[in-house]
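Please look at the sequence and the structure below.

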Amino acid sequence: MQEVTVSTPQGQGERVARLALAQGIGEATLIPTRVFRDGETKEGEEVRVEVSAPESTQFIEAVMSADFFDPREYSIVSDEVVAIISQEPPERVTRAIKLSATTI
């Protein structure tokens, strides 16, 4: 299972969350953030989803190809989740994934 976190400018997280739902992901969490960098404070948001590895790839590709995505303002982090207890059946969250070139 993967946890994908998309950091967005303030007010843009809902677009990413709705994109996740449109991809068939059952749940997305929206979290307000405050980033401190170089003496400045910037408000933003994070959208987190916990999905199977193949779904994480599809979601990341959907975010990167969305008309609102700008890599100067958005970031995407994907982490492997070692264990999770949820309502999802094990066969849904334990499928194999083809690794991307950036992973290798």
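Helix α2 covers residues 53-65, which is 13 residues. From its first C-alpha to its last it reaches 19 Å, close to the 18 Å expected at 1.5 Å a residue; the expected span is 1.5 Å times one less than the number of residues. Helices are DSSP runs of H or I with at least four residues, strands are runs of E with at least two, and both are numbered from the N terminus.

The model is predicted: local features need pLDDT of at least 70, side-chain atom pairs count only at pLDDT 80 or more, and totals for chains, interfaces and linings use all residues. Residues are numbered from 1 along each chain as its sequence is written, and side-chain values use heavy atoms, with hydrogens and water left out.

The buried residues of α2 are Ala53, Glu55, Ser56, Phe59, Ile60, Ala62 and Val63. Buried means under 20% relative accessible area, exposed over 50%, and partly exposed in between (1.4 Å probe, protein chains only).

Glu14 lies in helix α1, residues 13-22. Glu14 counts as partly exposed because its relative accessibility is 43%. Leaving aside residues up to four places away in sequence, Glu14 touches Leu30 and Glu45; contact means heavy atoms within 4.5 Å. Glu14 and Ala28 are 14 residues apart in sequence, and their C-alpha atoms are 9.4 Å apart in space.

The protein chain has three helices and four strands, in the order β-α-β-β-α-β-α from the N terminus on.

| Property of the protein chain | Value |
|---|---|
| Buried share of the 104 residues | 34% |
| Share joining residues at least 24 apart, among contacts between residues at least 6 apart in sequence | 71% |
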